[in-house]
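Subject: Structure for your review

Dear colleague,

Please find the structure below, followed by a short account of what was found in it. I would be grateful if you would read the two side by side.

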Amino acid sequence: MARVVIFGKQDLAELAHYYLTNDSEHEVVGFSVSREYLDGQATFIGLPLVCFEEVEDTFPPDEFSFFAPMTHAGMNRTREKVYRAIQLKGYAMISYVSSKATVTNNQIGENCFILEDNTLQPFTNIGNNVVLWCGNHIGHHGEIKDHVFLTSHVVVSGHCIVEPYSFIGVNATIRDGVTISEGSLIAMGALVTKSTEPWGVYKGSPARKGDKLSNEI
Ligand SMILES: CC(C)(COP(=O)(O)OP(=O)(O)OC[C@H]1O[C@@H](n2cnc3c(N)ncnc32)[C@H](O)[C@@H]1OP(=O)(O)O)[C@@H](O)C(=O)NCCC(=O)NCCS
């Protein structure tokens, strides 16, 4: 059991508080945001809200852990910055895996947020700072690398590799053996039959590379 500080004070922070409180062994003790986002606020949903720049004064890293459930803004690079800033302060970071997810022999990294109805088949590993929203199928003998965000009801077939920073939209389907290259943006409903190019945007059935800049999501 860890005593956990959650980074953020918006929807994802509130959801993380809900899931950790109702479906984990951990205790949420407070929240933290960067000074510029504090706006004079001292509490969030009844718990202390602390300036991140001085968070160790209230919650020292040898006694408390962190959880940073961030959105995919900036193609997951904002999430990465926050994750690294928390690491630099020396905090351990927990992961949340829903009790309603089906997990097999998967290795799962730190600061992962894995919600209900995800299925992780055997021999597939999950990196650090990965979000698997609800209801995804992650096939066998694959790998989801760091800072990846899967939305909902994505099918990642067997033997697929999803490289860092990629975003996969709702109801996308990835054919077995495909590599989703670094920073790929897979649109909602895309049917990906071939490996993608780094930082490409793919949509349609079969998915074709488009011209939208992936850092716009
Ligand atoms: C790919 C995506 C990023 C494009 O965003 P965008 O550039 O703002 O796209 P627009 O909404 O302006 O649409 C541009 C055109 O592409 C089409 N289009 C948009 N998304 C599409 C998709 N997933 N598949 C096929 N066509 C799509 C639109 O119909 C529109 O066509 P038109 O020009 O003929 O009218 C976005 O549609 C998407 O899929 N986002 C993921 C959403 C998601 O999964 N959210 C989950 C919650 S986190």
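Which residues have the most contacts inside the largest nonpolar core, and how many residues does this core have? The model is a predicted one, and in it the largest nonpolar core has 29 residues. Those with the most contacts inside this core are Ile6, Leu20, Phe31, Phe67, Phe113 and Trp133. At least two residues of the core come from each of β1 (3-7), α1 (11-22), β2 (27-33) and β4. The element that gives the most is α1, with five residues. Domain 1 (3-88) and domain 2 (95-204) each supply at least three residues of this core. Apart from this core lies another, of 25 residues, which includes Cys112, Val130, Cys160 and Ala172.

Leaving out residues up to four places away in sequence, Phe31 touches Val5, Ile6, Gly8, Ala13, His17, Phe44, Ile45, Leu47, Pro48, Leu49 and Val50.

Turning to the aromatic residues, a search of the whole structure finds 13 aromatic pairs. One of them joins Tyr18 and Tyr19 edge-to-face, at 5.8 Å centre to centre and with 80° between the planes. Tyr19 is buried, because its relative accessible area of 13% is under 20%. In another pair, Phe52 and Phe66 have ring centres 5.9 Å apart and planes at 90°, so this pair is also edge-to-face. Phe52 lies in the loop between β4 (47-51) and α2 (55-58), while Phe66 belongs to strand β5 (residues 65-67); the pair therefore ties together parts that are 14 residues apart in sequence. Both partners are buried: Phe52 has a relative accessibility of 9%, and Phe66 one of 0%. The charged end of Lys89 sits over the ring of Phe52, 4.9 Å from its centre. Elsewhere, one aromatic cluster is formed by Tyr18, Tyr19, Phe67, Tyr96, Phe113 and Trp133.

A polar residue also deserves mention. Ser32 is placed in strand β2 and is buried, at 0% relative accessibility. A polar atom of the Ser32 side chain lies 2.9 Å from the backbone oxygen of Val50. Neighbours within four places in sequence aside, Ser32 is in contact with Val5, Ile6, Phe7, Gly8, Leu49, Val50, Cys51, Phe52, Val55 and Phe66.

Yours sincerely

Technical notes
Residues numbered from 1 in each chain as written. Predicted model: local features only at pLDDT ≥ 70, side-chain atom pairs only at ≥ 80, totals over all residues. Heavy atoms only, no water. Phe/Tyr/Trp six-rings, centres within 6.5 Å; stacked < 30°, edge-to-face > 60°. Buried < 20%, exposed > 50% of the residue type's maximum accessible area, 1.4 Å probe, protein only. Helix = DSSP H or I, 4+ residues; strand = E, 2+ residues; numbered from the N terminus. Lys NZ or Arg CZ within 6 Å of the ring centre and 35° of its normal. Core = buried A, V, L, I, M, F, W, Y, C linked by side-chain atoms within 4.5 Å. Domains from an automatic or database assignment. Contact = heavy atoms within 4.5 Å. Polar contact = N/O pair within 3.5 Å; in protein donor to acceptor, adjacent residues only side chain to side chain.
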